[in-house]
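Hi everyone, thanks for coming.

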Amino acid sequence: MRDMNVDATTVQWLTSGYSLVEAIVIPLSAYLMGRFSTRQLFIGGFSLFVVGSILVTTAQAFWMMLLGRALQATCTGFVMPMSGSLIMLVFPREKRGTAMGLVGLIIGFAPALGPAISGVLVDSIGWRAMFLIVTILAVAVVLLATFMLKNYEGFERSSFDAPSVALSSLGLLGVLYGLSTFASSGTPVLSIALIAMGAVLVAMFARRQLKLDTPILRVEVLRSRKYRTAVIVIFIIQAALVGGGVIIPIYIQQVLGLSATISGVALLPGAVLGAFMSMLAGRMFDRVGVRPLAITGGCLMLVGAGLMVFCTTSTPILFITFSNTIMSIGLQTVMTPTNTWGINSLENKVIQHGNALANTINQVGGSFGTAVLVSLTALAPLFVPNAAPVDQIMFGDLIAFWVQAVILAIDVLIIIVFVRNRKGEANKVYSPEKNEDVEDTVKGRPLVRVKDVMNTKTAYLPSSATIKDVLAMMSRSETSGLPLVDDDMKVKGFISDGDIVKYLGRQDSNIPEALSKGYLMLDNQNLRERLSSLIALNAMDICTKKVVCVDSSMPLDEACRLMVEQRVRKVPVVEDGKLVGSISQRNIIHVIAAKTESGDRSDW
């Protein structure tokens with residue numbers, strides 16, 4: 001502001017202008033991904049980012065800074081959705097949660113560390129240092145991408161439709177500009193009119209997309225129940241997250257009278273732990289699915305938001321930090337699994353449209369949350385006109401905290417009711433052409449899944465079985481490994497002949513050598529005693545507890561890859577966590593051989 005001789009209202013456009021340009025470009029990302037190669041888009045996008053960063057670094061006038069930020073936002077607007085789409089397509093559905101969790105961890109450190117680092121740079125060197133460093137990093141990204149980035153083909157090609165671009169751009173500009181200025185505008189009626197006009201234009205854009213043979217953005221993906229639910233859940237979370245990120249620093253600085261540095265430090269644990277929770281939740285999603293994580297995270301974020309409503313003019317800063325941290329952990333526990341679950345419900349060929357639409361709606365959610373919560377804080381004088389200024393600010397912040405808690409409570413209800421896999425949905429994805437959920441396919445053919453080749457008459461034993469029971473079952477069923485299950489048929493362990501030999505080997509260092517030479521000295525008195533005690537052992541005492549299982553709906557090739565990676569020959573097959581069969585290298589070969597001999601591979 002000082003160097004460019006502008007006021008706060010003007011300088012804020014370096015942030016809000018960036019968001020506006022980004023939001024306008026995002027809907028076009030699906031079209032661009034269908035027209036250009038991923039290498040061209042990524043390298044071209046970051047080249048724009050380099051130019052924009054240089055402009056801001058060397059700017060002698062405010063308009064140069066604003067133009068540079070617009071170029072940076074243009075890059076972000078299509079590179080970020082493209083990156084998300086590529087990650088979804090490169091990884092199989094069964095591992096997308098882990099992949100998106102890792103991405104969430106990386107991206108989550110930006111809001112955690114960025115403000116602290118930039119504050120040090122501004123105080124010590126100057127604000128231009130921030131953009132100089134970013135310029136150098138962007139140049140490095142372009143060079144690395146030029147030599148290392150592989151191309152990805154197969155995105156659906158879209159045609160350029162000028163009316164669609166105009167409707168989308170003007171509509172989003174109206175909605176986001178109206179939301180951004182609503183809280184600070186002296187004429188809120190104008191902001192409301194802009195929001196209404198923008199909403200009408202966006203609706204016209206959506207209607208036009210439904211009529212085009214090759215739309216710029218396939219808005220019909222919202223007809224997918226899972227995707228639509230995920231978008232609504234994350235829209236509400238984004239509104240609470242971004243809006244709360246504005247209100248909490250205001251409360252800390254203007255009510256508690258603490259510095260901006262303290263307010264930043266208070267938010268830091270939530271940002272860091274939330275980022276790690278994103279990675280952990282992504283990994284857990286691949287194992288347990290979306291519902292338990294979404295419900296747990298929803299309850300955590302509701303507890304954190306609920307604690308904020310007890311804030312006063314003398315609340316300890318540690319209480320604020322704790323409440324925000326709990327809420328941030330809960331938000332990330334919901335966001336990564338729910339987003340992955342929603343995108344997984346779409347056909348691969350329209351994933352870029354799903355990502356673009358979700359990113360656009362998230363931008364609107366953040367602006368909506370900020371506008372609503374900040375506007376609510378301004379209502380305090382209407383309720384407590386005679387209160388001291390600090391008490392009025394406190395009352396306004398409490399209104400915002402209460403509304404934040406209420407909208408998150410609504411989100412939790414939506415999660416409980418709608419975030420679930422209905423019967424028959426597990427193997428289906430939404431097809432825009434057919435306007436219904438269809439069987440997931442590869443090149444028009446149904447995927448070969450584990451359930452198509454698994455052994456449904458697999459041998460198993462209860463977790464209370466002894467080694468004597470294990471040996472007897474292995475002998476009868478002529479198998480080398482058995483799953484151990486509880487009363488609900490949930491797998492608790494897996495025991496193999498190797499586990500038994502390893503146990504004996506740990507008891508006597510001579511046994512591995514004897515086995516390698518093809519004999520076992522059973523006349524050894526100590527060994528006979530150990531064998532007698534072994535058969536009385538509970539099988540759970542020596543079995544593998546961390547059992548590698550596969551879901552019956554998993555594609556066969558992914559199951560094979562998992563078995564290779566884990567170096568196992570046989571794995572239990574489960575449905576809803578319950579044992580339904582097993583799959584081994586042997587029965588995979590038998591099924592393939594039978595298909596080859598019969599010549600009937602029409603469904604493969």
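Let me start with a pair of helices: α13 and α16 are oblique to each other. The model is a predicted one, by the way, so please hear everything I say with that in mind. The axes of these two helices cross at roughly 40° and come within 13 Å. An angle under 35 degrees would have counted as roughly parallel, so at roughly 40° the pair falls into the oblique class. As for the hand, α13 and α16 make a left-handed crossing.

Who does the touching here? On the α13 side we have Met327, Leu331, Val334 and Trp341, and they meet Gln404, Leu408, Ile415 and Phe418 of α16. Sorted by class, that contact holds seven nonpolar residues, one polar residue and no charged ones.

Let me step back to the whole chain for a moment. The protein chain has 604 residues, and 47% of them are buried. Its secondary structure comprises 23 helices and 10 strands. If you take contacts between residues at least 6 apart in sequence, 74% of them join residues at least 24 apart.

How do α4 and α7 run relative to each other? Helix α4, residues 38-58, packs on helix α7, residues 128-148, at an angle of about 160°, and their axes are 9 Å apart. Anything over 145 degrees counts as roughly antiparallel, and α4 and α7 are therefore roughly antiparallel to each other. This crossing, of α4 past α7, is left-handed.

From α4, the residues include Phe42, Phe46, Phe49 and Val50, and from α7 they include Phe131, Leu132, Val139 and Val142. The contact also takes in Arg39 of α4 and Arg128 of α7. By class, the α4 and α7 contact divides into 15 nonpolar, six polar and two charged residues.

Which residues touch the most other members of the largest nonpolar core? They are Tyr251, Met301, Ile320 and Phe401, in a core of 41 residues. Two or more residues each come from α10 (225-255), α11 (260-288), α12 (291-308), α13 (317-344), α14 (351-377) and α16 (389-418). Of these, α10 gives the largest share, with 11 residues.

Do click on Met301 if you have a moment. Beyond its neighbours within four places in sequence, Met301 contacts Ile237, Ile326, Met327, Gly330, Leu331, Val334, Leu408, Asp411, Val412 and Ile415.

Last, some backbone geometry. Most residues other than glycine have a negative phi. Asn5, though, has a positive phi of about 55°. Asn5 sits in the segment before α1 (8-11), and with 70% relative accessibility it counts as exposed. Glu478 also has a positive phi, near 55°. Glu478 lies in the loop between α18 (467-477) and β6 (481-485). Is Glu478 buried or exposed? Its relative accessible area is 69%, so Glu478 is exposed.

Note on methods: Residues are numbered from 1 along each chain as its sequence is written. This is a predicted model: local features need pLDDT of at least 70, side-chain atom pairs count only at pLDDT 80 or more; totals for chains, interfaces and linings use all residues. Side-chain values use heavy atoms; hydrogens and water are left out. Helices (H or I, at least four residues) and strands (E, at least two) are DSSP runs, numbered from the N terminus. Buried means under 20% relative accessible area, exposed over 50%, partly exposed in between (1.4 Å probe, protein chains only). A nonpolar core is a set of buried Ala, Val, Leu, Ile, Met, Phe, Trp, Tyr and Cys residues joined through side-chain atoms within 4.5 Å. Contact means heavy atoms within 4.5 Å. Axes are lines fitted to C-alpha atoms, for helices over the stretch in contact, and angles run from 0 to 180 degrees between N-to-C directions. Angles under 35 degrees count as roughly parallel, over 145 as roughly antiparallel, 65 to 115 as roughly perpendicular and the rest as oblique. A crossing is left-handed if the near helix is turned anticlockwise from the far one by less than a right angle, and right-handed if clockwise. Ala, Val, Leu, Ile, Met, Phe, Trp, Tyr, Cys and Pro count as nonpolar, Asp, Glu, Lys and Arg as charged, and the others, Gly among them, as polar.
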